[in-house]
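Open the model in your viewer and keep the selection tool ready. We will go from stop to stop.

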Amino acid sequence: MELQRLAFSFFNGDVASRYWLDIVHGMWVTTYLAAAIVATGLAAGLALAMARSFHFRPASFVIVVFADAFRALPPLVVIIVLFFAFPYVDLAMSAFSATWLALSLVLAAFAEEIFWAGILSVPKGQTEAARSTGMSRLQTLVYVILPQAVRLTIAPLTNRMIAITKGTALGSVVAVHEIIYYASSGASEAGNPTPLTLGAAAYVVLFLPVVMFSRWIETRFAWKR
Amino acid sequence: MEQILQVFFNAAILERAWPFLMRGVTMTLLLSLVVVPIGLASGLAVAMLYHLHRKWLSRFLIAYVDFFRAFPPLVLLLFIYGGLPFLGIDLPLFGTVALAFLLNTSSYYGEIFRAGLESVPAGQAEAARSTGLSRGQTMLWVILPQATRNVLPDLISNTLEVIKLTTLASVIGFTELLNNARNAQALTYNATPIVAAALIYLVLLWPLVRLVSRLEHKSIAVR
(Lines give C-alpha, C1' and ligand atoms only; values in the text may rest on other atoms or scores of the structure.)
Protein backbone atom coordinates (compact mmCIF):
# COMPACT_ATOMS: atom_id res chain seq x y z
CA MET A 1 0.00 0.00 0.00
CA GLU A 2 2.70 2.42 1.07
CA LEU A 3 4.80 1.37 -1.88
CA GLN A 4 1.88 1.84 -4.21
CA ARG A 5 1.35 5.36 -2.98
CA LEU A 6 5.03 6.06 -3.40
CA ALA A 7 4.95 4.80 -6.97
CA PHE A 8 1.79 6.78 -7.68
CA SER A 9 3.40 9.98 -6.38
CA PHE A 10 6.94 9.77 -7.70
CA PHE A 11 6.84 7.34 -10.61
CA ASN A 12 3.45 7.98 -12.10
CA GLY A 13 3.52 6.74 -15.68
CA ASP A 14 0.48 8.75 -16.62
CA VAL A 15 1.96 12.02 -15.43
CA ALA A 16 5.37 11.12 -16.83
CA SER A 17 3.97 10.55 -20.30
CA ARG A 18 2.44 14.03 -20.23
CA TYR A 19 5.59 15.85 -19.17
CA TRP A 20 8.62 13.97 -20.44
CA LEU A 21 8.77 15.94 -23.68
CA ASP A 22 8.94 19.20 -21.74
CA ILE A 23 11.80 17.81 -19.68
CA VAL A 24 13.68 16.75 -22.80
CA HIS A 25 13.24 20.25 -24.17
CA GLY A 26 14.55 21.57 -20.85
CA MET A 27 17.59 19.30 -21.16
CA TRP A 28 18.37 20.84 -24.52
CA VAL A 29 18.12 24.38 -23.09
CA THR A 30 20.28 23.39 -20.10
CA THR A 31 22.88 21.91 -22.43
CA TYR A 32 23.27 24.88 -24.70
CA LEU A 33 23.09 27.37 -21.86
CA ALA A 34 25.88 25.43 -20.14
CA ALA A 35 27.93 25.27 -23.35
CA ALA A 36 27.57 29.02 -23.88
CA ILE A 37 28.61 29.71 -20.27
CA VAL A 38 31.67 27.47 -20.49
CA ALA A 39 32.78 29.04 -23.79
CA THR A 40 32.43 32.66 -22.65
CA GLY A 41 33.60 32.07 -19.10
CA LEU A 42 36.76 30.19 -20.03
CA ALA A 43 37.66 32.58 -22.86
CA ALA A 44 37.19 35.62 -20.63
CA GLY A 45 39.07 34.01 -17.75
CA LEU A 46 42.01 33.10 -19.97
CA ALA A 47 42.09 36.58 -21.51
CA LEU A 48 42.09 38.18 -18.04
CA ALA A 49 44.86 35.92 -16.77
CA MET A 50 46.94 36.73 -19.86
CA ALA A 51 46.33 40.44 -19.40
CA ARG A 52 47.38 40.12 -15.77
CA SER A 53 50.63 38.40 -16.73
CA PHE A 54 51.92 41.61 -18.34
CA HIS A 55 52.19 43.07 -14.83
CA PHE A 56 50.64 46.42 -15.71
CA ARG A 57 49.56 47.55 -12.24
CA PRO A 58 46.27 49.38 -12.88
CA ALA A 59 45.04 46.55 -15.13
CA SER A 60 46.07 43.87 -12.63
CA PHE A 61 44.30 45.75 -9.85
CA VAL A 62 41.04 45.91 -11.80
CA ILE A 63 41.30 42.21 -12.67
CA VAL A 64 41.90 41.21 -9.04
CA VAL A 65 38.93 43.29 -7.87
CA PHE A 66 36.74 41.70 -10.55
CA ALA A 67 37.87 38.17 -9.69
CA ASP A 68 37.43 38.72 -5.95
CA ALA A 69 33.99 40.24 -6.33
CA PHE A 70 32.59 37.48 -8.50
CA ARG A 71 34.08 34.78 -6.35
CA ALA A 72 32.50 36.35 -3.27
CA LEU A 73 29.03 36.99 -4.71
CA PRO A 74 26.59 34.06 -4.68
CA PRO A 75 25.68 33.31 -8.35
CA LEU A 76 21.96 33.53 -7.58
CA VAL A 77 22.48 37.08 -6.30
CA VAL A 78 24.26 38.04 -9.53
CA ILE A 79 21.44 36.59 -11.63
CA ILE A 80 18.81 38.40 -9.60
CA VAL A 81 20.61 41.73 -9.73
CA LEU A 82 21.02 41.45 -13.51
CA PHE A 83 17.45 40.35 -14.10
CA PHE A 84 15.50 42.38 -11.54
CA ALA A 85 17.64 45.46 -10.91
CA PHE A 86 18.88 46.40 -14.36
CA PRO A 87 15.45 46.90 -15.94
CA TYR A 88 15.04 49.91 -13.62
CA VAL A 89 17.71 51.70 -15.67
CA ASP A 90 16.27 50.46 -18.98
CA LEU A 91 18.82 47.67 -19.30
CA ALA A 92 16.34 44.85 -19.40
CA MET A 93 17.62 41.50 -20.60
CA SER A 94 15.96 38.18 -21.11
CA ALA A 95 16.10 35.58 -18.37
CA PHE A 96 18.34 33.48 -20.59
CA SER A 97 20.81 36.33 -21.19
CA ALA A 98 20.84 37.28 -17.51
CA THR A 99 21.62 33.72 -16.45
CA TRP A 100 24.21 33.30 -19.19
CA LEU A 101 25.92 36.60 -18.38
CA ALA A 102 25.86 36.09 -14.60
CA LEU A 103 27.29 32.59 -14.67
CA SER A 104 29.84 33.53 -17.35
CA LEU A 105 31.10 36.35 -15.13
CA VAL A 106 31.36 33.98 -12.17
CA LEU A 107 33.16 31.33 -14.22
CA ALA A 108 35.47 33.99 -15.71
CA ALA A 109 36.46 35.10 -12.20
CA PHE A 110 37.29 31.57 -11.05
CA ALA A 111 38.96 30.63 -14.34
CA GLU A 112 41.13 33.75 -14.19
CA GLU A 113 42.39 32.74 -10.74
CA ILE A 114 43.07 29.17 -11.84
CA PHE A 115 44.87 30.18 -15.06
CA TRP A 116 46.82 32.76 -13.11
CA ALA A 117 47.92 30.17 -10.56
CA GLY A 118 48.97 27.97 -13.48
CA ILE A 119 50.99 30.78 -15.07
CA LEU A 120 52.68 31.51 -11.73
CA SER A 121 53.63 27.86 -11.34
CA VAL A 122 55.83 27.94 -14.47
CA PRO A 123 59.42 28.71 -13.38
CA LYS A 124 60.70 32.17 -14.23
CA GLY A 125 63.65 30.72 -16.14
CA GLN A 126 61.23 29.60 -18.84
CA THR A 127 60.20 33.18 -19.58
CA GLU A 128 63.76 34.42 -19.45
CA ALA A 129 64.98 31.69 -21.80
CA ALA A 130 62.15 32.29 -24.27
CA ARG A 131 62.64 36.06 -24.19
CA SER A 132 66.39 35.69 -24.74
CA THR A 133 65.79 33.67 -27.91
CA GLY A 134 64.09 36.78 -29.29
CA MET A 135 60.44 35.88 -28.73
CA SER A 136 58.12 38.76 -27.89
CA ARG A 137 56.28 38.84 -24.55
CA LEU A 138 53.08 37.63 -26.19
CA GLN A 139 54.86 34.84 -28.09
CA THR A 140 56.53 33.74 -24.86
CA LEU A 141 53.18 33.62 -23.14
CA VAL A 142 51.35 31.76 -25.90
CA TYR A 143 54.03 29.30 -27.01
CA VAL A 144 56.04 28.69 -23.84
CA ILE A 145 54.17 29.57 -20.65
CA LEU A 146 50.55 28.70 -21.40
CA PRO A 147 51.13 25.18 -22.74
CA GLN A 148 52.90 24.32 -19.48
CA ALA A 149 50.45 26.26 -17.31
CA VAL A 150 47.27 24.82 -18.81
CA ARG A 151 48.17 21.24 -17.89
CA LEU A 152 48.04 22.12 -14.21
CA THR A 153 44.74 23.93 -14.56
CA ILE A 154 42.77 21.08 -16.12
CA ALA A 155 41.63 19.36 -12.93
CA PRO A 156 40.54 22.46 -10.97
CA LEU A 157 38.97 23.96 -14.10
CA THR A 158 36.93 20.83 -14.75
CA ASN A 159 35.57 20.90 -11.21
CA ARG A 160 34.70 24.56 -11.46
CA MET A 161 33.02 24.11 -14.83
CA ILE A 162 30.83 21.35 -13.41
CA ALA A 163 29.92 23.45 -10.40
CA ILE A 164 28.95 26.42 -12.57
CA THR A 165 27.11 24.56 -15.31
CA LYS A 166 25.04 22.93 -12.57
CA GLY A 167 24.20 26.54 -11.68
CA THR A 168 22.11 26.72 -14.86
CA ALA A 169 19.37 25.34 -12.58
CA LEU A 170 19.38 28.76 -10.93
CA GLY A 171 17.99 30.15 -14.17
CA SER A 172 14.64 28.62 -13.21
CA VAL A 173 14.32 31.33 -10.55
CA VAL A 174 14.02 33.93 -13.31
CA ALA A 175 11.99 31.51 -15.48
CA VAL A 176 14.57 30.30 -17.98
CA HIS A 177 12.88 27.33 -19.60
CA GLU A 178 15.43 24.74 -18.49
CA ILE A 179 14.91 21.37 -16.82
CA ILE A 180 13.91 22.46 -13.35
CA TYR A 181 11.54 25.12 -14.69
CA TYR A 182 9.53 22.48 -16.56
CA ALA A 183 9.88 20.01 -13.68
CA SER A 184 8.51 22.29 -11.00
CA SER A 185 5.82 23.91 -13.12
CA GLY A 186 4.80 20.42 -14.25
CA ALA A 187 4.70 19.19 -10.67
CA SER A 188 2.45 21.99 -9.51
CA GLU A 189 0.24 21.73 -12.59
CA ALA A 190 -0.23 17.97 -12.17
CA GLY A 191 -0.35 18.10 -8.38
CA ASN A 192 2.09 15.22 -8.47
CA PRO A 193 5.88 15.24 -7.98
CA THR A 194 6.62 12.84 -10.86
CA PRO A 195 7.88 15.68 -13.12
CA LEU A 196 10.38 16.49 -10.35
CA THR A 197 11.59 12.89 -10.44
CA LEU A 198 11.96 13.19 -14.21
CA GLY A 199 13.85 16.46 -13.82
CA ALA A 200 16.16 14.95 -11.23
CA ALA A 201 16.76 11.97 -13.50
CA ALA A 202 17.51 14.33 -16.38
CA TYR A 203 20.23 16.02 -14.32
CA VAL A 204 21.75 12.69 -13.38
CA VAL A 205 21.75 11.67 -17.05
CA LEU A 206 23.46 14.92 -18.05
CA PHE A 207 25.90 15.37 -15.21
CA LEU A 208 26.81 11.93 -13.85
CA PRO A 209 29.02 11.16 -16.88
CA VAL A 210 30.68 14.55 -16.46
CA VAL A 211 31.34 13.95 -12.76
CA MET A 212 32.77 10.51 -13.48
CA PHE A 213 34.88 11.99 -16.27
CA SER A 214 36.20 14.59 -13.84
CA ARG A 215 37.20 11.83 -11.41
CA TRP A 216 39.29 10.35 -14.22
CA ILE A 217 40.72 13.77 -15.14
CA GLU A 218 41.71 14.31 -11.53
CA THR A 219 43.88 11.23 -11.43
CA ARG A 220 45.20 11.84 -14.95
CA PHE A 221 46.16 15.51 -14.52
CA ALA A 222 46.67 15.67 -10.76
CA TRP A 223 48.27 18.86 -9.41
CA LYS A 224 51.24 16.97 -8.12
CA ARG A 225 54.03 16.39 -10.59
CA MET B 1 23.51 59.23 -13.29
CA GLU B 2 20.75 60.79 -11.23
CA GLN B 3 18.49 57.95 -12.24
CA ILE B 4 21.04 55.29 -11.31
CA LEU B 5 21.43 56.78 -7.83
CA GLN B 6 17.67 56.96 -7.53
CA VAL B 7 17.01 53.29 -8.29
CA PHE B 8 20.23 51.55 -7.20
CA PHE B 9 21.43 53.59 -4.23
CA ASN B 10 18.36 55.26 -2.84
CA ALA B 11 19.09 56.30 0.74
CA ALA B 12 15.46 56.74 1.79
CA ILE B 13 14.55 53.26 0.59
CA LEU B 14 17.67 51.74 2.09
CA GLU B 15 16.76 53.25 5.43
CA ARG B 16 13.32 51.64 5.31
CA ALA B 17 14.62 48.27 4.12
CA TRP B 18 17.62 48.16 6.46
CA PRO B 19 16.05 46.42 9.50
CA PHE B 20 14.52 43.90 7.13
CA LEU B 21 17.87 43.24 5.45
CA MET B 22 19.59 42.88 8.82
CA ARG B 23 17.06 40.27 9.88
CA GLY B 24 17.95 38.47 6.65
CA VAL B 25 21.66 38.66 7.47
CA THR B 26 20.97 37.09 10.87
CA MET B 27 19.06 34.24 9.24
CA THR B 28 21.78 33.72 6.63
CA LEU B 29 24.42 33.54 9.37
CA LEU B 30 22.27 31.21 11.47
CA LEU B 31 21.65 28.94 8.51
CA SER B 32 25.37 28.89 7.70
CA LEU B 33 26.20 28.11 11.32
CA VAL B 34 23.93 25.07 11.09
CA VAL B 35 24.71 23.72 7.63
CA VAL B 36 28.50 24.14 7.65
CA PRO B 37 29.10 22.05 10.82
CA ILE B 38 26.56 19.47 9.61
CA GLY B 39 28.40 19.28 6.29
CA LEU B 40 31.83 19.02 7.91
CA ALA B 41 30.73 16.29 10.31
CA SER B 42 28.89 14.22 7.72
CA GLY B 43 31.67 14.68 5.17
CA LEU B 44 34.20 13.50 7.71
CA ALA B 45 32.01 10.49 8.43
CA VAL B 46 31.83 9.63 4.72
CA ALA B 47 35.61 9.95 4.35
CA MET B 48 36.36 7.86 7.45
CA LEU B 49 34.01 5.11 6.31
CA TYR B 50 35.74 5.15 2.93
CA HIS B 51 39.07 4.95 4.71
CA LEU B 52 38.09 1.56 6.16
CA HIS B 53 38.68 0.26 2.61
CA ARG B 54 35.86 -2.27 2.63
CA LYS B 55 35.30 -2.96 -1.04
CA TRP B 56 31.50 -2.75 -1.20
CA LEU B 57 31.22 0.05 1.31
CA SER B 58 33.71 2.10 -0.69
CA ARG B 59 31.86 1.47 -3.93
CA PHE B 60 28.61 2.50 -2.34
CA LEU B 61 30.19 5.68 -0.95
CA ILE B 62 31.69 6.64 -4.32
CA ALA B 63 28.29 6.15 -5.94
CA TYR B 64 26.67 8.26 -3.20
CA VAL B 65 29.24 11.03 -3.58
CA ASP B 66 29.10 11.11 -7.39
CA PHE B 67 25.32 11.01 -7.39
CA PHE B 68 24.99 14.05 -5.17
CA ARG B 69 27.77 15.89 -6.95
CA ALA B 70 25.91 15.42 -10.22
CA PHE B 71 22.76 16.90 -8.68
CA PRO B 72 22.47 20.68 -8.74
CA PRO B 73 21.77 21.67 -5.11
CA LEU B 74 18.71 23.66 -6.19
CA VAL B 75 17.23 20.56 -7.80
CA LEU B 76 17.84 18.60 -4.62
CA LEU B 77 16.22 21.31 -2.54
CA LEU B 78 13.16 21.58 -4.79
CA PHE B 79 12.84 17.81 -4.97
CA ILE B 80 12.87 17.47 -1.19
CA TYR B 81 10.61 20.48 -0.75
CA GLY B 82 8.12 19.26 -3.34
CA GLY B 83 8.43 15.55 -2.65
CA LEU B 84 8.42 15.10 1.13
CA PRO B 85 4.79 16.14 1.67
CA PHE B 86 3.78 13.33 -0.69
CA LEU B 87 5.54 10.90 1.63
CA GLY B 88 3.43 12.28 4.45
CA ILE B 89 6.48 13.93 6.00
CA ASP B 90 6.03 17.52 7.08
CA LEU B 91 9.39 19.15 7.71
CA PRO B 92 9.63 22.80 8.69
CA LEU B 93 11.35 24.99 6.07
CA PHE B 94 14.55 25.07 8.08
CA GLY B 95 14.60 21.26 8.25
CA THR B 96 14.05 20.94 4.49
CA VAL B 97 16.95 23.27 3.77
CA ALA B 98 19.17 21.49 6.31
CA LEU B 99 18.38 18.07 4.82
CA ALA B 100 19.17 19.20 1.27
CA PHE B 101 22.43 20.75 2.44
CA LEU B 102 23.33 17.63 4.42
CA LEU B 103 23.04 15.45 1.29
CA ASN B 104 24.85 17.92 -0.95
CA THR B 105 27.66 19.11 1.30
CA SER B 106 28.45 15.72 2.83
CA SER B 107 29.57 14.52 -0.60
CA TYR B 108 31.72 17.58 -1.31
CA TYR B 109 33.31 17.69 2.14
CA GLY B 110 33.57 13.89 1.97
CA GLU B 111 35.68 14.05 -1.19
CA ILE B 112 37.94 16.67 0.36
CA PHE B 113 38.47 14.76 3.60
CA ARG B 114 39.04 11.56 1.61
CA ALA B 115 41.84 13.24 -0.35
CA GLY B 116 43.20 14.50 2.97
CA LEU B 117 43.19 11.09 4.63
CA GLU B 118 44.88 9.58 1.58
CA SER B 119 47.58 12.22 1.65
CA VAL B 120 48.88 10.99 5.01
CA PRO B 121 51.56 8.33 4.45
CA ALA B 122 50.70 4.83 5.71
CA GLY B 123 53.84 4.86 7.83
CA GLN B 124 52.21 7.42 10.12
CA ALA B 125 49.42 5.03 11.07
CA GLU B 126 51.83 2.12 11.41
CA ALA B 127 54.14 4.10 13.64
CA ALA B 128 51.25 5.32 15.81
CA ARG B 129 49.81 1.82 16.15
CA SER B 130 53.20 0.38 17.08
CA THR B 131 53.48 2.85 19.97
CA GLY B 132 50.35 1.25 21.39
CA LEU B 133 47.72 3.78 20.28
CA SER B 134 44.36 2.22 19.43
CA ARG B 135 42.89 2.58 15.93
CA GLY B 136 40.60 5.34 17.14
CA GLN B 137 43.37 7.18 18.89
CA THR B 138 45.60 6.88 15.80
CA MET B 139 42.86 8.40 13.66
CA LEU B 140 42.06 11.18 16.11
CA TRP B 141 45.54 12.22 17.20
CA VAL B 142 47.79 11.30 14.29
CA ILE B 143 45.98 10.98 10.96
CA LEU B 144 43.21 13.58 11.19
CA PRO B 145 45.34 16.57 12.21
CA GLN B 146 47.71 16.00 9.29
CA ALA B 147 44.91 15.22 6.86
CA THR B 148 43.00 18.35 7.81
CA ARG B 149 46.06 20.53 7.47
CA ASN B 150 46.82 19.13 4.03
CA VAL B 151 43.39 19.99 2.64
CA LEU B 152 42.72 23.17 4.62
CA PRO B 153 42.55 25.42 1.52
CA ASP B 154 39.95 23.13 -0.07
CA LEU B 155 37.94 22.95 3.15
CA ILE B 156 37.80 26.72 3.47
CA SER B 157 37.04 27.20 -0.20
CA ASN B 158 34.17 24.71 0.01
CA THR B 159 32.85 26.42 3.13
CA LEU B 160 32.73 29.66 1.15
CA GLU B 161 30.72 27.85 -1.54
CA VAL B 162 28.32 26.44 1.06
CA ILE B 163 27.67 29.87 2.54
CA LYS B 164 27.01 31.22 -0.96
CA LEU B 165 24.61 28.31 -1.52
CA THR B 166 22.44 29.40 1.42
CA THR B 167 20.93 31.90 -1.06
CA LEU B 168 19.10 28.92 -2.62
CA ALA B 169 16.91 28.70 0.46
CA SER B 170 15.28 31.93 -0.72
CA VAL B 171 13.73 30.01 -3.62
CA ILE B 172 11.49 28.03 -1.27
CA GLY B 173 10.66 31.12 0.77
CA PHE B 174 13.13 30.80 3.61
CA THR B 175 13.55 34.37 4.85
CA GLU B 176 17.29 34.80 4.58
CA LEU B 177 19.06 37.86 3.17
CA LEU B 178 18.29 37.35 -0.52
CA ASN B 179 14.64 36.52 0.13
CA ASN B 180 14.13 39.60 2.27
CA ALA B 181 15.90 41.76 -0.28
CA ARG B 182 13.67 40.46 -3.09
CA ASN B 183 10.55 41.14 -1.04
CA ALA B 184 11.74 44.63 -0.16
CA GLN B 185 12.46 45.28 -3.83
CA ALA B 186 8.98 44.13 -4.84
CA LEU B 187 7.35 46.27 -2.13
CA THR B 188 9.28 49.45 -2.91
CA TYR B 189 9.52 49.11 -6.72
CA ASN B 190 13.18 49.98 -6.35
CA ALA B 191 16.37 48.02 -6.92
CA THR B 192 18.19 49.42 -3.89
CA PRO B 193 17.42 46.48 -1.54
CA ILE B 194 18.91 43.86 -3.92
CA VAL B 195 21.91 46.01 -4.71
CA ALA B 196 22.39 46.49 -0.96
CA ALA B 197 22.07 42.74 -0.38
CA ALA B 198 24.70 42.07 -3.04
CA LEU B 199 27.03 44.55 -1.33
CA ILE B 200 26.38 42.93 2.06
CA TYR B 201 27.31 39.50 0.64
CA LEU B 202 30.42 41.07 -0.85
CA VAL B 203 31.47 42.61 2.46
CA LEU B 204 30.75 39.42 4.43
CA LEU B 205 32.43 37.00 2.04
CA TRP B 206 35.30 39.00 0.62
CA PRO B 207 37.66 38.26 3.56
CA LEU B 208 37.04 34.55 3.00
CA VAL B 209 37.85 34.89 -0.72
CA ARG B 210 41.13 36.63 0.15
CA LEU B 211 41.98 33.90 2.64
CA VAL B 212 41.29 31.15 0.10
CA SER B 213 43.39 32.97 -2.50
CA ARG B 214 46.32 33.30 -0.11
CA LEU B 215 46.21 29.68 1.01
CA GLU B 216 45.96 28.45 -2.59
CA HIS B 217 48.87 30.54 -3.79
CA LYS B 218 50.90 29.41 -0.82
CA SER B 219 50.26 25.76 -1.59
CA ILE B 220 51.30 26.33 -5.20
CA ALA B 221 54.46 28.14 -4.10
CA VAL B 222 55.44 25.11 -1.98
CA ARG B 223 55.36 22.76 -4.95
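Select helix 3 of chain B and pick out its buried residues: B:Leu61, B:Val65, B:Phe68, B:Arg69 and B:Ala70. Buried means that 20 or more other C-beta atoms, placed from the backbone, lie within 10 Å of a residue's own; exposed means 12 or fewer, and partly exposed is in between. Helices here are DSSP runs (H or I, at least four residues), numbered from the N terminus.

This is a predicted model: local features need pLDDT of at least 70, side-chain atom pairs count only at pLDDT 80 or more, and totals for chains, interfaces and linings use all residues. Residues are numbered from 1 along each chain as its sequence is written, with chains lettered from A and ligands numbered from 1 in the order in which they are written.

Now show what those buried residues pack against: helix 9 (194–220) of chain A, plus helix 2 (11–51) and helix 5 (93–119) of chain B.

Next, go to B:His53, in the loop between helix 2 and helix 3 of chain B. Its phi is near 55 degrees, a positive value in a residue other than glycine. Most residues other than glycine have a negative phi. B:His53 is exposed, with 8 other C-beta atoms within 10 Å.

Jump to B:Tyr189, in the loop between helix 9 (177–188) and helix 10 (192–222) of chain B. Here phi is near 50 degrees, again positive in a residue other than glycine. B:Tyr189 is exposed, with 9 C-beta neighbours inside 10 Å.

Last stop: A:Val106. Leaving aside neighbours within four places in sequence, what is A:Val106 in contact with (C-beta atoms, placed from the backbone, within 7 Å)? Select A:Phe70, A:Pro75, A:Val78 and A:Ile164.

Notes:
Contact = placed C-beta atoms within 7 Å. Helix = DSSP H or I, 4+ residues; strand = E, 2+ residues; numbered from the N terminus.
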